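Please keep the sequence and the coordinates open while reading.

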Amino acid sequence: PKRDRNIRSVMRTRLPGSIIALLEQAGLLAKELGYKVYAVGGFVRDILLARPNLDIDLVVEGDGIRFAHALSQARQGRVKEHQKFKTAVVVFPDGQRIDVATARLEYYEYPTALPTVELSSIKMDLYRRDFSINALALNLSPGHFGQLMDFFGSQRDIKEKTIRVLHSLSFVEDPTRILRAVRFEQRFNFRIDGQTLRLIKNAVQLNLFSRLSGARIAHELQLILDEENVLECLSRLQDLKLLAAIHPQLHLDADRTRVLMELRKVHDWYRLLYLEPPVNTWKLYMLGLTMGAERDSLELVCRRLRFSDRELREFLALRDLLGESLARLMTWAETQSSMSDIYFALDPLPVEGVLFLMARSRREIMRKNISQYLTRLRTQELLIDGSDLKIMGLKNGPNFARVLRKVRAAAIDGAAVTRDKQVELAKSLIRGLEPGGSGTAEPQTAKKPR
Ligand code: CTP
């Protein structure tokens, strides 16, 4: 591949016209300020890979913040600037965002073997990046628009499907890059290059992960859990002993692997149906990843991953709730009683908990019932509500919920499907509550065994 290949025509086939226009304007504005501006990173990589990606990162040789303001002004945008890092985010009225950074030279001592004439701040900026595939710059300057700047064999590595660091201290500088290597490898179906793999194994042996903050690990792990190929990523992490390096409790045994695979399927199914509410992927897969862990070690894992006190409390509470729901489902499985039992077993859980139980279950009938719950029962409205009960003379209090719960059970189990039936049932339940009834009236519609 040519080092100065121009990909303008490729860009035109892969990017919307509005984005091309924006990039051209950026190049023009930079020129007016006496700067040069480049698109860099994942955005450029994904143009070559023909993958949709409109997360635009620009690097300016010049004052990045000043450039960001000029660009923003030209298009009625807003700027959020970080003086300390000389970076800015520009947000345009249509919602498009652009990250702007300032190319800095002072970052590294450059290896002396290289001819000094080659030094440019864009090159230095690219050299501090994680992998060669992310180290391409796309010139936006008028007259050079679309020219690729490939200093480190990026095009060759993309062609050869290789994840390669730019220098041997890359993982020492930033160990989260190890997790990124696996994530990109699995996402693009690339291979981590041999030398890079040795550096990873070295880093694991040197225990570089122990120096990393839990928040940074958690962030990278979350990105992995959002990947299409989450399972492939996890099993690669396991093979490279990276899961254990994060926390010894995080290992994939056969059970966890099975459930994670199923989680993937039920999660896809849920998304395909556009069911609400959206799933918190992190929470969902953490349930699978820590399945079977004792409460104490679970707490240690969560602390390692810098869960806040609140997140930790919520996660532990979810685990406890899951235990209760599971017990109720087991009872159901023995007696195969009514669908309303399924409803009440699952109702206290957030959707992540329900999906987890669905993935965990080995019984076809149980999975079917849980999917019924998610697609139908959960959102099924009763045809009467609190105001009806008030008209019937019921005062606010615990009996309110009790009556509604029994009407709901009857509605789910087919004993009170119409509004008339539900009204009738509520009335008779309320009669049963009358003095002496002590609020424990049984509905007349006994549960039908299924
Ligand atoms: N980067 C890096 N080291 C890191 C994180 C990021 O060198 N630990 C660089 C890479 O050059 C990357 C760029 O910063 O391309 C932007 O980071 P990010 O948005 O996380 O990466 P993308 O490559 O855009 O990845 P994704 O496709 O997952 O958004």
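A search of the whole structure, which is a predicted model, finds 0 disulfides. Cysteine 233 is buried, with a relative accessible area of 0%, and cysteine 302 is likewise buried, its relative accessible area being 0%. The points below turn to the domains, the ligand site, the backbone and a few individual residues.

- The protein is divided into domain 1, which spans 8–160, domain 2, which spans 162–246, domain 3, which spans 248–380, and domain 4, which spans 386–433.
- Between the C-alpha centres of domain 1 and domain 4 there is a distance of 64 Å.
- Serine 9 belongs to helix H1, made up of residues 8–14, and its relative accessible area of 53% makes serine 9 exposed, because a value over 50% counts as such.
- Serine 9 and arginine 313 are 304 residues apart along the chain, and their C-alpha atoms are separated by 54 Å.

**The ligand and its surroundings**

- The ligand is surrounded by 14 residues, of which the closest are Arg45, Asp130, Asp174, Arg183 and Arg187.
- Arginine 45 places a polar side-chain atom 2.8 Å from an oxygen atom of the ligand.
- Arginine 177 has an N or O atom in its side chain at 3.2 Å from a nitrogen atom of the ligand, while for arginine 180 the corresponding side-chain N or O atom lies 3.1 Å from an oxygen atom of the ligand.
- On its own the ligand has 570 Å² of accessible area, and the protein covers 74% of that area.

**Arginine 177 within the protein**

- Helix H8, which runs over residues 176–188, contains arginine 177.
- Arginine 177 has a relative accessible area of 9%, and this residue is therefore classed as buried, the limit being under 20%.
- The side chain of arginine 177 also makes a polar contact of 2.8 Å with the side chain of serine 170.
- When residues up to four places away in sequence are not counted, arginine 177 touches Arg128, Arg129, Asp130, Phe131, Ser170 and Phe171; one of these, Asp130, is also listed among the residues closest to the ligand.

**Backbone details in loops**

- The peptide bond that leads from glutamate 276 to proline 277 is cis, with an omega near -5°, and proline 277 sits in the loop between helix H13 (254–272) and helix H14 (281–289).
- Alanine 50 is a residue other than glycine with a positive phi, near 55°, and its place is in the loop that lies between helix H3 (42–48) and strand S2 (56–61).
- With 47% relative accessibility, alanine 50 counts as partly exposed.
- Asparagine 207, again a residue other than glycine, has a positive phi near 60°, and it is located in the loop between helix H9 (194–205) and helix H10 (214–225).
- Asparagine 207 counts as partly exposed, at 40% relative accessibility.

- The contacts of histidine 267, not counting residues up to four places away in sequence, are with Val279, Thr281, Leu284 and Tyr285.
- Histidine 82 is found in strand S3, which consists of residues 78–82, and with a relative accessible area of 39% histidine 82 is partly exposed.
- Leaving out residues up to four places away in sequence, histidine 82 touches Ile65 and Thr87.
- From the C-alpha atom of histidine 82 to that of valine 165 the separation is 28 Å, the two residues being 83 residues apart along the chain.

Conventions: Residues are numbered from 1 along each chain as its sequence is written. This is a predicted model: local features need pLDDT of at least 70, side-chain atom pairs count only at pLDDT 80 or more; totals for chains, interfaces and linings use all residues. Side-chain values use heavy atoms; hydrogens and water are left out. Domain bounds come from an automatic or database domain assignment. Helices (H or I, at least four residues) and strands (E, at least two) are DSSP runs, numbered from the N terminus. Buried means under 20% relative accessible area, exposed over 50%, partly exposed in between (1.4 Å probe, protein chains only). A polar contact is a pair of N or O atoms within 3.5 Å; within protein, one must be able to donate a hydrogen and the other to accept it, and residues adjacent in sequence count only if both atoms are side-chain atoms. Contact means heavy atoms within 4.5 Å. A residue is near a molecule or strand if one of its heavy atoms lies within 4 Å of it. Accessible areas come from the Shrake-Rupley method with a 1.4 Å probe; for residues, only the protein chains shown count as cover. A disulfide is a pair of cysteine sulfur atoms within 2.5 Å.
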